[in-house]
Amino acid sequence: MTLNDVIRKIRKESFASSLYATDGCNTVKFVTDNQNEYFAVEQYFNTIWDIWESKDFLGSELLLTRIISLKLEHYDETVSMFHFRPQNDLFYDRTSGFLYNDDLFYVVTKNPSDNITIFDKRRREVYFLRSSDKVDTIHLSQLIKDPINSQRLMQNAILLHSSSCVFEGKSFLFPAQKGAGKSTIVTSLLSYGGKYIGNDSSFVFVKGKRLFLSKNPHCLRLGLETVEHNDNLKEYLANTANISQSKMLYAELVISGKVQIVPSALKHIFGDSSIAKDMCPLDYIVFPKLSVDKQYNTIRPLSREEGIEKLAGCIKDSDHKVNWLPFNEIGDLEQATNQAFHEICENLPSCYAIEYNGNPLEVYHSMENFINNERN
């Protein structure tokens, strides 16, 4: 049996569960034989993108691809067809893995004995083939996000290493590199009535000479000290009954020293109105710097040149590079990003820098005073 035969057989399977995930413009269909995967994907994307069951989906959005997840009979026999070679920077987390590539199929895996991901170059479909019913939430979420996010980049948006929220009726983008306190500042504002847009990664695009923010389904990755100093987070996560609602299903709450919370849990932690509508017009860009020993928080305006320089650093050093292999060329995505960045710089709003000590109440007062001063 050839790989073509395997793919043809998979395409004829009847699957227990399927759903559509859409950002309002672009759509991916996810099909699985494992109901637990369905629940995990639904929980991850819910409240950020729209999730539709197949029978209910009436949208006219562009269908980018179909992703099929299947526990494969004779899995070892199928894997033996490939002569994998070690490869670096294959995955969403830029780690190493194994690659097989020919004219028809592009196949990647971290561990061939567990699962493989096959990109069908002719049909532009993706097959996630498993040796067991173990749910890999992180990989599945990335398989669904990458086609849509790649398309967004090609549609003139950029993905910034940043967090974002609406506070006191104004929308803020907080771009920064690691350790600057992006998550701390946003969760602080959520504690005082802010509305979540994104954490760690936000899309920015120009529409009618104005910048807009758009959501990217991405877990909030919070340092333990951020949770410890935020009463809402601390109280909610202290109750073990809330943990499964907060973390990715079938994943740990703490991964690589960070607490990972799905955005859908924010309504339970901070209240029903704690998530903003998508595609908010952007009012201010504020570059945060966390200085825990600082007695008073300070906010200062930046020149346009300073703002552009800092913003550029949050593209190049982003932890969240998008790469829908093998259907997008890296060069095309980079060219589209550069073009979008130029357009964004032409329409840049006011930029500021905040240096703050991480105390949620003081963050609230600082940002409230800032907004009041701007209004006056």
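The model before you is predicted: local features need pLDDT of at least 70, side-chain atom pairs count only at pLDDT 80 or more, and totals for chains, interfaces and linings use all residues. Residues are numbered from 1 along each chain as its sequence is written, and side-chain values use heavy atoms, with hydrogens and water left out.

I begin with Phe-119. Leaving aside residues up to four places away in sequence, Phe-119 touches, among others, Leu-104, Tyr-106, Glu-125, Leu-143, Trp-324 and Phe-327. Phe-119 is also among the residues with the most contacts inside the largest nonpolar core, which has 68 residues. Such a core is a set of buried Ala, Val, Leu, Ile, Met, Phe, Trp, Tyr and Cys residues joined through side-chain atoms within 4.5 Å, where buried means under 20% relative accessible area with a 1.4 Å probe, protein chains only. Another core, of 27 residues including Leu-311 and Ile-344, lies apart from it.

Because 9 of its 9 residues are buried, α5 is largely enclosed by the rest of the structure.

Finally, the largest cavity. A cavity is a set of points, on a 1 Å grid over the protein atoms alone, where a 1.4 Å probe fits but cannot get out; lining residues have an atom within 4 Å of a point. The largest cavity holds about 180 Å³ of space. Of its 14 lining residues, Phe-119 is one of those nearest the centre, along with Leu-90, Tyr-92, Asp-146 and Asn-323. Helix α4, residues 137–154, gives the most to this lining, with 4 residues.

Note on methods
Buried < 20%, exposed > 50% of the residue type's maximum accessible area, 1.4 Å probe, protein only. Contact = heavy atoms within 4.5 Å. Helix = DSSP H or I, 4+ residues; strand = E, 2+ residues; numbered from the N terminus. 1 Å grid on protein atoms, 1.4 Å probe; cavity = no way out; pocket = protein on both sides within 12 Å on 5 of 7 lines; lining within 4 Å. Points joined across faces, edges and corners; volume = space filled by probe spheres on them.
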